[in-house]
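Open the model in your viewer and follow the stops below in order. Each stop gives a selection and then what is found there.

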Amino acid sequence: MSETKQIAVVGGGISGLAAAYYLQKEIKHQELPYEVKLIEASNKLGGKIRTEQRDGFTIERGPDSFLARKKSASELASDVGLGDQLVPNGTGQSYILVKNKLHKMPSGSFMGIPTKVRPFLFSSLFSPFGKVKAAKDFIKSKGDPQDDQSLGRFFRGRLGDEVVENLIEPLLSGIYAGDIDNLSLMSTFPNFYHLEQEYGSLIKGLNKTMPNRKPAKKGKKPSMFLTLKDGLESLVDAVADHLEEDTVRTNTAVDHIEKKDSHYHMLLSDGTVMKAESIILAAPHFAVERMLSKYDFMKPFQEMPATSVANVALAFDESAVKKDIDGTGFVVSRNSDFRITACTWTHKKWPHSTPEGKVLLRCYVGKPDDQEVVDLSDQEITDIVLEDLNKTMNISAQPEFSVITRWKNAMPQYTVGHQQRLEDIHQAMAQALPGVFLAGGSYHGVGVPDCIDQGKDAVENVLSFLQN
């Protein structure tokens, strides 16, 4: 009988957990002589997925949901017995705060890009000049083919500064916690580039390719997002519970990885050495670079930035909010005198999260040019958030409690050229480190489904490598 081969998964965020889960599923299904070990540096699995239950509230300290159209997250939830716990978001009007005033998000926009003319013509978000500039997308010729460019440059060229700064930038920079004038188009939204190249116009391209949605009943919009009734951390717990006994090792970092003739030695923080024939590195880019510091081709990861953010959950009695707004939240444009970047009215977007008669707000701070705010004390951050909220909502009382979560250097920035740099690293790893694969938010997408997809791709790569 052949000797059991060891597969190491480094990192216990959702990418690593998905990888370990699907590896063990395939090993069992194919009756393969492989064993999986997952190593996590911290004392907790789940990475940025963290849920706190408090006084009847369900508070997400990291991501609060995932895109429904990206199926891998809901499929994983169903696989581990949580299919009946999936909850669609409550729908309602969302807003953009521009020049200290809330404006309704124009209907018929996709990621801030117009797909219907009428709502944009009547929107108070743009001046007549801004509307004319955006309309030129219809008649402009397509741009010259490019390997990559910034999101900001691409959208400014097609739709003008006003649409970018008042609509697209608040939406897209919120996803990546970055500056769209530095973020890579081809690593974030390559579909927009391809639409422009194929149809000569972004707006025409979206209208041709977006599925025709039948209008929903009045006041009802289709749910774009899903979460879990008891919070996203219930997914982490369920996946961990489905792993075989003794798979997971927490409070253990990988300090260094050495290649031997037919396997790898992993030097662990407790002084021991672990042997593996194949490794999935589901850890942040800066941690991976440290583990493989002897390889010059990993050096681009030293230069890859990561921003910090803090999210602030505030619980109130509903009597404290004097100016209730009918909607699910707002994002903040750069030209507003606010330090928060967005606010979710969680009790409306996720009604199950909040007890009757209570209000739960979740705000974010930490713009790319305001990183120091994340290091302020809890009270200072709470005061900043309340001051900003009072400009729109007239809140008369201190919160019943607040939960502040700081994510330091946790938001990887896919700057221009990211895709090519990654391709070079993947190719060099295939030559110098066969059987070692990357997965996670630093590489090919930051959303929960993106991370799960990368874990699943790594499983395919590992099995293909070990079986050849």
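Predicted model: local features only at pLDDT ≥ 70, side-chain atom pairs only at ≥ 80, totals over all residues.

Gly-366 counts as buried because its relative accessible area is 5%, under the 20% cut-off. Its place is in the loop between strand S20 (358-365) and helix H14 (378-393).

Next, select Phe-122. This residue lies in the loop between helix H3 (117-121) and helix H4 (128-135). Is Phe-122 buried or exposed? Its relative accessibility is 61%, so Phe-122 counts as exposed.

For the last stop, select His-426, Val-436, Phe-437, Leu-438 and Asn-461. Of the 14 residues that line the second largest pocket, these five lie nearest its centre. The volume of this pocket is about 190 Å³. Colour helix H15 (418-432), strand S22 (436-438) and helix H16 (448-467), the elements that give two or more residues each to the lining. Which of them gives the most to the lining? H16 does, with four residues. Colouring the lining of the second largest pocket by class shows eight nonpolar, five polar and one charged residues.

Notes
Residues numbered from 1 in each chain as written. Heavy atoms only, no water. 1 Å grid on protein atoms, 1.4 Å probe; cavity = no way out; pocket = protein on both sides within 12 Å on 5 of 7 lines; lining within 4 Å. Points joined across faces, edges and corners; volume = space filled by probe spheres on them. Nonpolar A, V, L, I, M, F, W, Y, C, P; charged D, E, K, R; others polar. Buried < 20%, exposed > 50% of the residue type's maximum accessible area, 1.4 Å probe, protein only.
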